[in-house]
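Here are my notes on this one, as numbered points. Have the model open while you go through them.

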Amino acid sequence: MGFFNSMFGKKAPPRELNHPSQLNVGDMITLDDSFALPPQLRGQQLRVEAVNTYESERDQQPEWLLKGHGSDTLFLSIEEDDESYLAFSIKISRAQVEQLFDLEQFSAIFDEPGHAELTTQALPPELATQFEQWLGKQYHQVTFAGFGYFHRQDYRGQKPPQDANGATGEPFEYYLLLNDDENRAVEVEVYEGGDTDVVLTLYRPLTDIRDYWPAK
């Protein structure tokens with residue numbers, strides 16, 4: 001047997017995958033079917049389509065882009081506090097922002113000193129089904145015009161490259177509002193040229209991922 005092993009090599013052990021930080025493109029996860037999760041997440045099997053990187057002065061953080069059987073694109077990151085949490089996010093359009101929030105309140109997010117308060121408006125039935133579990137009733141701003149770079153590449157374990165002008169990612173300003181229980185957030189990224197991404201974020205325990213399926 002030693003002769004054949006030396007000729008053909010030993011079979012590699014299966015890749016270990018038991019934590020979201022280990023997820024790569026092609027891996028899949030199955031989420032809990034708890035009614036505490038919104039319909040876009042509840043019981044879903046999601047595939048990692050891409051791994052991106054957010055870079056700031058203090059740290060860098062991977063973001064996993066997930067797709068399931070539905071049409072929604074979902075985003076996953078890991079939030080580190082006293083313990084680790086899953087941060088699931090879903091992007092909303094400008095028209096949806098106008099339906100979910102008062103625009104005068106929302107525009108105050110971008111005004112100094114960055115102490116905006118945001119109240120979720122009463123939702124029509126179709127939006128309630130889609131977004132109710134993503135939303136808090138009231139939000140307070142905790143980050144104003146934070147600066148960072150977005151990279152459409154996985155830089156876990158390495159520093160994103162720089163050129164003569166510095167970082168090579170897409171620069172953006174970052175605004176964060178949390179609800180009173182700090183288990184939901186509204187996050188805003190403003191890129192050069194004024195392109196703006198608004199996402200609703202839901203913080204959940206790591207145990208909401210029930211199964212991991214490594215890519216073949």
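Predicted model: local features only at pLDDT ≥ 70, side-chain atom pairs only at ≥ 80, totals over all residues.

1. Which backbone nitrogen does the side chain of Thr53 reach? The answer is that of Tyr155, at 3.1 Å.

2. Residues are numbered from 1 along each chain as its sequence is written, and side-chain values use heavy atoms, with hydrogens and water left out.

3. Back to Thr53, which sits in strand β2 (residues 45–56); strands (E, at least two residues) and helices (H or I, at least four) are DSSP runs, numbered from the N terminus. Thr53 counts as buried because its relative accessibility is 2%, where buried means under 20% relative accessible area, exposed over 50% and partly exposed in between (1.4 Å probe, protein chains only). Leaving aside neighbours within four places in sequence, the contacts of Thr53 (heavy atoms within 4.5 Å) include Gln60, Gln61, Tyr149, Phe150 and His151.

4. How many aromatic pairs does a search of the whole structure find? It turns up 9. Rings of Phe, Tyr and Trp (its six-membered ring) pair if their centres lie within 6.5 Å; planes under 30 degrees apart count as stacked, over 60 as edge-to-face and the rest as tilted. Tyr54 and Phe150 make a tilted pair, 5.0 Å centre to centre with 50° between the planes. Tyr54 belongs to strand β2 and Phe150 to strand β7 (residues 138–151), so this pair ties together parts 96 residues apart in sequence. Tyr54 is buried at 17% relative accessible area, and Phe150 is buried at 7%.

5. Another pair to look at is Phe144 with Tyr175: edge-to-face, 5.6 Å between centres and 80° between the planes. Phe144 is in strand β7 and Tyr175 in strand β10 (residues 170–179), so the parts tied together here are 31 residues apart in sequence. Phe144 is partly exposed at 27%, whereas Tyr175 is buried at 4%. Ring pairs also link Phe144 and Tyr175 into a cluster with Phe101, Phe106, Phe110 and Tyr139.

6. On to the packing. A nonpolar core here is a set of buried Ala, Val, Leu, Ile, Met, Phe, Trp, Tyr and Cys residues joined through side-chain atoms within 4.5 Å. The largest one has 39 residues, of which Phe101, Val186 and Leu200 touch the most other members. Strand β5 (residues 84–92) supplies the largest share of this core, 4 residues. Not counting residues up to four places away in sequence, Val186 touches Phe101, Phe106, Leu118 and Tyr139, among others.

7. Finally, some backbone geometry to check. The peptide bond from Glu112 to Pro113 is cis, with omega near 5°, and Pro113 is in the loop between α3 (103–107) and β6 (117–119). Ala145, in strand β7, has a positive phi of about 55° although it is not a glycine; Ala145 is partly exposed at 28%. Glu182 also has a positive phi of about 55° without being a glycine. Glu182 is in the loop between β10 and β11 (184–191) and is partly exposed at 48%.

Terms used
Polar contact = N/O pair within 3.5 Å; in protein donor to acceptor, adjacent residues only side chain to side chain.
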